[in-house]
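Q: I would like to learn how to read features in a structure, one at a time. Can we start with paired strands?

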Amino acid sequence: MEQNTDEVEDNLDKQTRDGDRIASGEQRVTFGTGEESDIERPPSDVPGSSCQGTSCEAPRILNMNNSVCVFNSTVDNINVNVKRRSTDPSSNTPIKIHVGEGGHVQNFNTTTVIQPDEPQLLTVQELIRCRNQLRQYYKTNCKIRLLPWMTRDPRNRLEMKNLFISLYLICEVPNAIEVSVQVQHYKEVLPSLSPYRALIRGKAGAGKTTLLEKLALDWAEEKLPHTHNEIPLLFLIRMKSVVKGDTLSNAIFKQRLLGIEIERMFKTKLSNYIDNNPDKVIILVDAVDEYGGEYGTDEPGEIESIIRNEYLREACVIATTRPWRAFQIIDKSPDVYIGQNYEVKGYTQVQVKEYVEQFFGSRVEMADTLLNQMNMTGISTGIATIPIMCMLICILYRDHKAVLPDTISDLYELLYEYLMQCNRKDKVEQVSERDKLETVDRLAELAFNGLRNKQMCFEEGEYIDANVLRNACKMGLLLQINLTTESEDQTSIPAGLSSLPLIKNYYEFFHKTFQEWFAAKCLASKEINSLNQICEQTIPDIQSCLDFELPLRFLSGSKVPVVSEVPIKCLLRIVQNTQDLSDFNDNKLDLPKTKEFQEFLELLVKCNMESKSKGRFNHLLNDVFEKCNAHFTNATSMTLHALAYMLKFGGALNSCPHCGKPSSDFCPHQLRILDFKIGCYSADTNSDIDILWGEFEAVGKQYYKRCQLLSKEPEKKLKKIYEQVEHMLPHGIPHLSLARTLAFSELCKFMETWKGDYIFMEKVIQNIPFTRITNFTINGVDLSINCELLCQNLTTMTSLRKVDLGCTSLEVQHCSFIGKMLGSLHELRTLNLPKNKLEEIGEIVEQLHCVPNLTRLDLETTHLTSNSMSLLGKNLKWVPNLERLYVRTNLLLQDAVDDFVDGLENISNLGRLNITFEYHLPYEKVSKCIQCLNRFENLQLLFIDGLFSPIIDRVFKVIATNLLPNLKNLRSLRLQGRLGLASEEARKHEVTNATADLLASTLKFLPSLIVLRLTYLWIEKEGLESIQREVSLRKQKNSCFRFELYPDYDAEDSPYVPQSVIISLTGQQQS
């Protein structure tokens, strides 16, 4: 008798194998489990249980070498349980039954139980073989690929060590304030703690793929940190070749990371090894945004499950993607990438210089010449900060030594021509001119269809025929890659082998930006109505505009005018329909949304420059700027270059080249901007934050929310967070509590990533007079060199209503330029010059007679001398319609009070005033100044600073009795001692209980008051309580009412509110 089994093991215990006697009767023997056999003894009354035979010896049953032996016994029944691990008959092993002398078996029964296979894992030798093949693959293939024809030109295939430049990487720090810090070294992205996942996002061409290839090469060369070097397997998976349903194992062999022989021999073993040893695997997933399938479904594929940390959780995984897909990934796995969420920003200007120098090596003179050109054109801080652009510029300069193009469209056009020239020189791979034309046309269709379907990798015969794809490869426009897939015919596969791989030809553009350029060529060939319809369907909102930035810019660069204006019309359609327009104009959006909206405006002016329209599209730009402020915060040189181009062809100083009308006549092609602003903001000091809070309303609201959140955290945790972010916190806030100090970190973090550069500022200034601008603002930009040029140009813009040059490094020597400018601006309504060290402003204020309609004059923190304050007062008579006067921090000294007060007497309707008294000013002078404010019944904001002297109590009485009762429309009152005064000093001069009671009772006569701020003052306890009771009653009547006492010496946590916040007096701000 024989019985087959997959795996038969000796499973009788040692005593049985040695021949120990077993009672006769029914016997059960189990094979194939590795356990002891199960031998059941029937009761004595069971028939056949007695031993029958010639011998009286007990029956014996032995299992020896897959055999059952019976001798010296008669057995009624033998039941054998056969446990098998496979249903494959070819792998069965026979079981033999031997009946020896004196043996007899009545019945022999078998029962088969199928058990799941134990996984077959790689042996040590097989694992080493896989590791070595992977290392060799990365050493061979992970090189800097400059251009597609690298196989024929060794100059275009460089070793990583010769050209790799560490990228500008930002990492979000895992704490309550969501701060990000710059990564000092690219290897820091390797996750070393659970959940062992890292996500790197960045725009096209930012260097994400090269970064992963560098990590793979470092692993192959054992240059990673020790803990990662010891990991035996690293797989670099390119998502562009992954399709829905692909397993990790399929992707590995499809992309030929390991050879076909390994796939044939132990593909299953490798898969089992990965499943059972995820901590022994590093997986680098490149370009998740190029995955053709749908991401984020309820039934993710295996590789998506790895990214989402649902599979192989102990594996070290790094994924790269463009920003739009990064948000999808985080939405699906919000807790996975905490602390391992990176953004690659490309290169800094320093890294651009380093790249160019390494590219040209010993040819130092060529590198220096190129860098000079890049700096002069602003490319070094513009498109060259995108690594792929930097590379292309170096290649073109190396081979052409040409003047660098100003636009991306021209740069790619030049690259395309370069490719064609290379093909003409290549006698082996040359393509006929006729075939070239057909190839380019068909390739444009392929690029557009792929872009629309989020596809980067194309199978041979997909969309277009194989000959076109092959010609495109010969021309250097595409790369051919061989990918393996499962063989469709599984019938002839020998037993025990994995399915045979099937090699297929795939094609890809060497970079997505190049595909986007070809897609724009396809769109440019469309009939205009069809093109407009495609844009409406594909680009419905601001976010989609930013996602399609490059195709829109390339399309704007079309040589066909009717096509090049389509992107601007598309952007105009969107700005007319956006719900955020009003909030953007009023600076009510939070900073991220403000930045997004501004990037949209930057795209508009970049598209205009790409088109080289020379003012042809000004009528479209007018429609935009009629509804939207032209505000550009922390603009880059590339944006300023585009702005300079737009302004240059504004048509305000010459006849219109399009319709022939003179500049004095109304012309639709004359660029008109109601509100033009270039601002540079930071968060380095509390003064910087003052400016930010005054500029962007949402900043203060977000700060209060952060304060509330952090105040609930334990002190120990706050201290730990503080250690991480101390370096980025603003100066000047050490007196705040830990929670309120840390609440600034989110703002500081954001402003650290939103910085501008102003190399092109001079060109913007040169071109300003060519455009009709009504309100002109430059804030936070150093104008010390360009002030004279700016003022000369503004002199020609006689229709100006506002000039704001706050915080622009102006000094006393610039006052003459400003004064001459005022002599021509008779329609000026607003002049803002705060935070400049002007000191002597005689040449400015003596020209106030030229601007009789001035309603706002801001000279706050301009370091004015007593003589300047006196001259200001003497010349206020020329601006009787002044509504807002800001002169705070400029000390009003005794010898200037009379002139200043006389000047105020000439103003009829002052609405806002801030002023600083010199600390030792006599009571008579202070009283005179305060009482002169009685006549301003419409005064809404009053800020009196410098109230620190022995006469402070008397001054408060004058304010409470002689001033405040007459200011029925006052909405904001701030009374301040000496800024930064410690409590011990403040106590030297205090406000008595009686005076504080008087002030509290006066509040009843101020029905419009919504902000009361008492800062750096000492008020006796009972008096302060009296004020606080009146404040409580006011809050019950008006929930928007705000009372701020700072410092509050009895409270552990006094609020911090910058001065500039009180300038905005809307009730919404108080909510």
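A: In strand 14, I282 is the bridge partner of L234. Helices (H or I, at least four residues) and strands (E, at least two) are DSSP runs, numbered from the N terminus. Two strands pair if DSSP finds at least two bridges between them. Here strand 13 and strand 14 (residues 281–286) run parallel and are joined by 6 bridges.

Q: What kind of model is this, and how are its residues numbered?
A: The model is predicted: local features need pLDDT of at least 70, side-chain atom pairs count only at pLDDT 80 or more, and totals for chains, interfaces and linings use all residues. Residues are numbered from 1 along each chain as its sequence is written, and side-chain values use heavy atoms, with hydrogens and water left out.

Q: How many residues of strand 13 are buried?
A: Buried means under 20% relative accessible area, exposed over 50%, and partly exposed in between (1.4 Å probe, protein chains only). Strand 13 (residues 233–238) is mostly covered, with 5 of its 6 residues buried. For the chain, 56% of the 1071 residues count as buried.

Q: How many helices and strands does the chain have?
A: The secondary structure comes to 42 helices and 31 strands. Contact means heavy atoms within 4.5 Å. Among contacts between residues at least 6 apart in sequence, 78% join residues at least 24 apart.

Q: How is a packed pair of helices described?
A: Two packed helices are described by the angle between their axes and the distance between the axes. Axes are lines fitted to C-alpha atoms, for helices over the stretch in contact, and angles run from 0 to 180 degrees between N-to-C directions. Helix 2 (residues 124–141) and helix 7 (residues 260–276) pack at about 110 degrees, with their axes 11 Å apart. That makes helix 2 roughly perpendicular to helix 7. Angles under 35 degrees count as roughly parallel, over 145 as roughly antiparallel, 65 to 115 as roughly perpendicular and the rest as oblique.

Q: Which residues make the contact of helix 2 with helix 7?
A: Helix 2 contributes E126, L127, R129, C130 and Q133, and helix 7 contributes E261, I262, M265, F266, K269, L270 and Y273. By class, this contact of helix 2 with helix 7 has 7 nonpolar, 1 polar and 4 charged residues. Ala, Val, Leu, Ile, Met, Phe, Trp, Tyr, Cys and Pro count as nonpolar, Asp, Glu, Lys and Arg as charged, and the others, Gly among them, as polar.

Q: At what angle do helix 23 and helix 30 cross?
A: The axes of helix 23 (residues 591–611) and helix 30 (residues 745–753) cross at roughly 20 degrees and come within 11 Å. That makes helix 23 roughly parallel to helix 30. L591, P592 and K595 in helix 23 meet L747, F750, M751 and T753 in helix 30. By class, the contact of helix 23 with helix 30 has 5 nonpolar, 1 polar and 1 charged residues.

Q: What is the strand order of the open sheet of 12 strands?
A: The order is 20-21-22-23-24-25-26-27-28-29-30-31, with parallel pairing. Strand 20 (630–633) and strand 31 (1042–1046) are the edge strands, and each pairs on one side only. Neighbouring strands of this sheet are turned by 10 degrees against each other on average, direction ignored. Helix 35 (residues 866–875) packs on the sheet, touching strand 25 and strand 26 (884–892), and its direction makes about 155 degrees with that of strand 26. Within the sheet, strand 24 (residues 830–832) and strand 25 (residues 856–858) pair in the parallel sense over 3 bridges. T830 stands opposite R856 in strand 25.
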